[in-house]
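We will go from stop to stop together.

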Amino acid sequence: MWAIELSQEASNYALDSLPYNEDVLLAIEKLAFSQDGLPAEGLDQAVGMWCIWEVSGHTVVYDKSDSDQIIYIWLIKPAQ
C-alpha cells in the first residue's frame with residue numbers, strides 16, 4: 001500500500017472544496033491501493049516519477065517514490 005501525502009496547496013483544495021471534490025479525493029485514496037502507484041485509467045502523462053492524472057473532472061499532479069512507497073500530491077485543480 002502506498003502512503004499519500006499532500007502539499008499545502010493540495011491539502012487546502014481538498015479541505016476548502018468539500019463536498020464538490022469528493023470523487024477526486026476517493027480516486028486518490030484508491031490510488032494508494034494500486035500495485036505500482038499508477039491509476040488504472042486517466043493517466044495523461046508520466047515522466048520519470050512525475051504523473052499528470054485526469055480524474056473526476058480534475059487534474060492531479062503527483063510524484064511517487066517507489067523505494068518509500070509514497071505518493072506526493074502536488075496539485076489538484078478542476079479541469080478546464
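Here is the tour, with a few ground rules before the stops.

This is a predicted model, in which local features need pLDDT of at least 70 and side-chain atom pairs count only at pLDDT 80 or more, while totals for chains, interfaces and linings use all residues. Residues are numbered from 1 along each chain as its sequence is written, and side-chain values use heavy atoms, leaving out hydrogens and water.

**Stop 1: helix 2**

Select residues 22-31, which make up helix 2 (helices are DSSP runs of H or I, at least four residues; strands are E, at least two; both are numbered from the N terminus). Val 24, Ala 27, Ile 28 and Leu 31 are buried here (under 20% relative accessible area with a 1.4 Å probe, protein chains only; exposed is over 50%). On the face turned away, find the exposed Asp 23, Glu 29 and Lys 30. Now show strand 1 (3-6), strand 3, strand 4 (58-65) and strand 5 (70-78), which are among what covers the buried side.

**Stop 2: a hairpin**

Select 43-47 and 50-55: strands 2 and 3 pair in the antiparallel sense over four bridges (pairing takes at least two DSSP bridges). Leu 43 has Trp 53 as its bridge partner. Two residues separate the strands, and Gly 48 in the turn has a positive phi of about 65 degrees.

**Stop 3: Asp 63**

Finish in strand 4, at Asp 63. Which side chain makes a polar contact with that of Asp 63? Trp 74 does, at 2.5 Å (a polar contact is a pair of N or O atoms within 3.5 Å, one able to donate a hydrogen and the other to accept it within protein; residues adjacent in sequence count only if both atoms are side-chain atoms).

Terms used
Contact means heavy atoms within 4.5 Å.
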